[in-house]
Amino acid sequence: MIKLSAASKMPCKSWSLEAFTTCAGAIDVVTGDIVDACEICYARGGFYQMPVVKALRVHNKQDWKRDEFVPEFIIKLDTERYFRWFDSGDCYSLKLAWKMYAIMLATPWCNHWFPTRQHKFDKFKEVLDAMELLPNVVVRRSSDSISGELVSGANSSTIVPYVETEINFLGNSEVCLAYERKGKCDTCRACWDKDVEVIIYPAHGRKASKLIKMREAA
């Protein structure tokens, strides 16, 4: 059974997995430490720790393996015009990624936004490239940084410590202004827009403030 999420911030539904345990890209392959962006992840605490929320994500980790997953998902998106993959967790499996591609391909009426750190792993290159060729799909390669460092790719995102932080980028970028709208996207659809090369997220929350101060003091 397909179970979608409805995060209050977003103007659309999403399909999610448990944060961190499905996020291979959350770990720095050199140091073995959690990368800064994942250290302050909103989905590792609060609302996401509620039993009913965790249960849905545990269900999804098994449900995608069914043969009926793709055709049922396509039907589920029949009336959706925007969709987000993973408001928590990430695409930890290459088989899952190809099933996602099949769904994206079969739902041209729906705009898909797929933020991911799986771009770090060579085995995902083929499927991510295939997704990016679809006109209704934006694969946003997430940076590990909370200081505005960028990753290569047609579309990406990064976190900055302050709204005023400048990053060295000459292309088309957008600063997420959800913090001005009580944490909501409202009418903004920049994350789904292929023409927006970089989405810049100002850090927020106590965990982020603490880590930023630690990094600045180091």
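Tutor: Let us begin with a definition: in this predicted model, a residue is called buried when its relative accessible area is under 20%, exposed when this is over 50%, and partly exposed in between.

Student: What makes the contact of Asp 144 with Lys 120 a salt bridge?

Tutor: A side-chain nitrogen of Lys or Arg has to lie within 4 Å of a carboxyl oxygen of Asp or Glu; for Asp 144 and Lys 120 the N to O distance is 2.6 Å, so the pair meets the rule. The two residues are 24 places apart and link distant parts of the chain, with Asp 144 in the loop between β4 and β5, and Lys 120 in the loop between β3 (111-116) and α5. Lys 120, at 30% relative accessible area, is partly exposed.

Student: How many salt bridges are counted in this model by that rule?

Tutor: The count comes to 10 salt bridges.

Student: Are Asp 63 and Arg 66 buried or exposed, or something in between, and how do you know?

Tutor: Asp 63 has a relative accessible area of 4%, and because buried means under 20%, Asp 63 is buried. Arg 66 has 22% and is partly exposed, as is Glu 68 with 41%.

Student: How many disulfides are there, and how do you know?

Tutor: By the rule, which asks for two cysteine sulfur atoms within 2.5 Å, the count is zero. The sulfur of Cys 12 is 7.3 Å from the closest cysteine sulfur, in Cys 185, and this is too far for a bond. Cys 185 is in no disulfide either, the nearest cysteine sulfur to it being that of Cys 191, 6.5 Å away.

Student: Why are Cys 12 and Cys 185 both given the label they have for accessibility?

Tutor: Cys 12 has a relative accessible area of 8% and Cys 185 has 10%; since the label buried needs a value under 20%, Cys 12 is buried, and Cys 185 is buried too.

Student: Which residues touch the most other members of the largest nonpolar core?

Tutor: This core has 29 residues, and those that touch the most other members are Trp 15, Phe 73, Trp 85, Phe 86, Met 100, Phe 114 and Met 131. At least two residues come from each of α3 (69-76), β2 (82-85), α4 (94-106), α5 (125-132) and β4 (137-142), and the largest share, six residues, is from α4. Phe 114 touches, beyond four places in sequence, several residues including Trp 85, Phe 86, Met 100, Leu 128 and Met 131. There is also a second, separate core of nine residues, which includes Met 10, Cys 12, Cys 185 and Cys 191.

Student: Which elements do the buried residues of α5 pack against?

Tutor: They pack against α4, β3 and β4, and the buried residues in α5 are Val 127, Leu 128, Ala 130, Met 131 and Glu 132.

Student: Why is Lys 182 called exposed?

Tutor: Its relative accessible area is 82%, and because exposed means over 50%, Lys 182 is exposed. Lys 182 is found in the loop between β6 and β7 (198-202), and its phi is near 55 degrees, a positive value in a residue other than glycine.

Methods:
Residues numbered from 1 in each chain as written. Predicted model: local features only at pLDDT ≥ 70, side-chain atom pairs only at ≥ 80, totals over all residues. Heavy atoms only, no water. Buried < 20%, exposed > 50% of the residue type's maximum accessible area, 1.4 Å probe, protein only. Core = buried A, V, L, I, M, F, W, Y, C linked by side-chain atoms within 4.5 Å. Helix = DSSP H or I, 4+ residues; strand = E, 2+ residues; numbered from the N terminus. Contact = heavy atoms within 4.5 Å.
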